[in-house]
Amino acid sequence: MGRPPSAADSVLLTVSELVTNAVEHAQPPLNLSLNRDADTRRVHIEVSDGGPADREGDWAAGGTPDEHGRGLDIIDHITAAHGEHDHPGHAVHWADVNATA
């Protein structure tokens, strides 16, 4: 079995997956926020967007089902917790990554 990803790798991959989902499935504006909690040593990642898009992004609409759709599974495996908050006119998708390494 391979070694687990480093904390930095996990943060970068999580940011990539959350931003990609926003670009492909949501409306602008897109905002990214990263904060590290000194007590828990977790990096809190938030991506906010303008809510669901009227149509899929070019990549999502043009790909076959096996080419996408694994982002949340990846996030499930590499984060301590994740979720979303829906608000009128926008959504916030978040994840916490352990940064003890």
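**Exercise 1. The sheet**

In what order do the four strands of the open sheet stand, and is the pairing parallel or antiparallel?

*Solution.* The model is a predicted one, in which local features need pLDDT of at least 70 and side-chain atom pairs count only at pLDDT 80 or more, while totals for chains, interfaces and linings use all residues. Residues are numbered from 1 along each chain as its sequence is written, and side-chain values use heavy atoms, with hydrogens and water left out.

Step 1. Begin with the elements: the protein has three helices and four strands, where helices (H or I, at least four residues) and strands (E, at least two) are DSSP runs numbered from the N terminus. Along the sequence they follow the pattern α-β-β-α-α-β-β.

Step 2. Now place the strands, remembering that two strands pair if DSSP finds at least two bridges between them. The order in the open sheet is S1-S2-S4-S3, and the pairing is antiparallel. S1 and S3 (81-87) are the edge strands, each with a single partner strand, so one side of each has no neighbour in the sheet. From one strand to the next, the twist averages 15°, with axes taken as lines fitted to C-alpha atoms and angles running from 0 to 180 degrees between N-to-C directions.

**Exercise 2. The hairpin**

Find how S1 and S2 are joined, and say which residue between them takes a positive phi.

*Solution.* Step 1. S1 (residues 31-37) and S2 (residues 42-49) run antiparallel and are joined by seven bridges.

Step 1. Follow individual residues across the pair: Ser33 has Glu46 in S2 as its bridge partner, and Arg36 stands opposite Val43 in S2.

Step 2. Four residues lie between the strands of this hairpin, and Arg41 takes a positive phi near 60°.

**Exercise 3. Helix H1**

Step 1. Buried means under 20% relative accessible area, exposed over 50%, and partly exposed in between (1.4 Å probe, protein chains only). The buried residues of H1 include Ser10, Thr14, Glu17 and Glu24.

Step 2. Thr14 has 0% relative accessibility and therefore counts as buried.

**Exercise 4. The core**

Which residues make up the largest nonpolar core?

*Solution.* Step 1. A nonpolar core is a set of buried Ala, Val, Leu, Ile, Met, Phe, Trp, Tyr and Cys residues joined through side-chain atoms within 4.5 Å.

Step 1. The largest one has 12 residues: Ala7, Val11, Val15, Leu18, Ala22, Val43, Ile45, Val47, Ile75, Ala95, Val97 and Ala99. H1, S2 and S4 (90-98) each supply at least two of its residues, and H1 gives the most, with five.

**Exercise 5. Gly83**

Is Gly83 buried or partly exposed, and what does Gly83 touch?

*Solution.* Step 1. Gly83 lies in S3, and its relative accessibility is 23%, so it counts as partly exposed.

Step 1. Not counting residues up to four places away in sequence, Gly83 touches Val92, His93 and Trp94.

Technical notes:
Contact = heavy atoms within 4.5 Å.
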